[in-house]
Amino acid sequence: MSSQLHNVNLPMMDGIESSDDSITVAGSPNGLTVTQKPFKTAIAEQPVTEARIPFLPPPASVLQNAGTARATLAASHEKPNGTTDNNYAATHQNQTVVQQHVEYWDTDHDGIIWPQDTYIGCRKWGWSPPLAALATFIINFNLSYPTLPGFLPDPFFRIYVNKVYKDKHGSDSMTYDNEGRFKPQNFEDIFAKYDKGDKGGLDIWDFLRFWKGQRMVFDFFGWSATFLEWLATYLLLWPEDGIMRKEDIRGVYDGSIFYKKAEEYERKKVMRQEQRKGTSTRLISMAQKIL
């Protein structure tokens, strides 16, 4: 992308003091977008700024004020109104985006996520018992205490949904703000900076660049948490071509993809059961004919 930055020539725009330095390149769903602005997003003296160009909304983008955090919408350039399937965004207007992210595990809607809730939710995706148990331990053991209403640790490692914003850590994309809102600019920056080749998603090498690029000094917990969160995301999505699609990742942030994956696994399980039943019926019929 940085090589293309030096090959762009645009006419001067009326009413804007401009120079070659005012040309900015940003990612978009249709490929490379060139926008002329009276400020710089990269300088040759600092190559990392050319290697990681931030997202700049195209002039016709319906995503307004991308830098302003949304309390209830996981908005993106392609989905400025958040998740509209099954009225998801409309029915979650009383929850912040980070609360929506964890609601999948709060099946009884009591505002508390017990370890067994986490385990059952992971099993509904088709994860094996050992993997679901490991995920449960990592999630509840590490995320319980910051959400507790008091100072004493909870021996049951419960997570309280109304305080889940306190589980925010560093060295991630910073898409959630400190109050649990969703920042479209930071979400879009993930792909503008690290989606090499404008694939519309991240492969494993893109993720490793993202993980390295977002690390903060001495933030060992944040490094580990980010790696494990994205590893879990990859295991959940398990893309056939190895690319985690942008829309699926956005669905992880607001939790909508969790329900879809559980429904997909349930359909596959029913189909397998029907296939086994059909196979058994045919074998019995063949055996009866032979006998």
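Q: How much space lies in the largest pocket, and what makes it a pocket?
A: About 1,100 Å³ lies in the largest pocket, a volume being the space filled by probe spheres set on grid points joined across faces, edges and corners. A pocket is an open set of points on a 1 Å grid over the protein atoms alone, with protein on both sides within 12 Å along at least five of seven lines. The model is predicted: local features need pLDDT of at least 70 and side-chain atom pairs 80 or more, while totals for chains, interfaces and linings use all residues. Residues are numbered from 1 along each chain as its sequence is written, and side-chain values use heavy atoms, without hydrogens and water.

Q: Which residues of the lining lie nearest the centre of the largest pocket?
A: H101, I139, L143, A225 and E229 do, among 42 lining residues; lining means an atom within 4 Å of a point. Helix α8 (220-237) gives the largest share, 11 residues; helices are DSSP runs of H or I, at least four residues, numbered from the N terminus.

Q: Why are α4 and α5 called oblique?
A: Their angle is about 140 degrees, with axes 9 Å apart. Angles run from 0 to 180 degrees between N-to-C directions, and axes are lines fitted to C-alpha atoms, for helices over the stretch in contact. Under 35 degrees counts as roughly parallel, over 145 as roughly antiparallel, 65 to 115 as roughly perpendicular and the rest as oblique; α4 and α5 are therefore oblique.

How values were computed
1 Å grid on protein atoms, 1.4 Å probe; cavity = no way out; pocket = protein on both sides within 12 Å on 5 of 7 lines; lining within 4 Å. Helix = DSSP H or I, 4+ residues; strand = E, 2+ residues; numbered from the N terminus.
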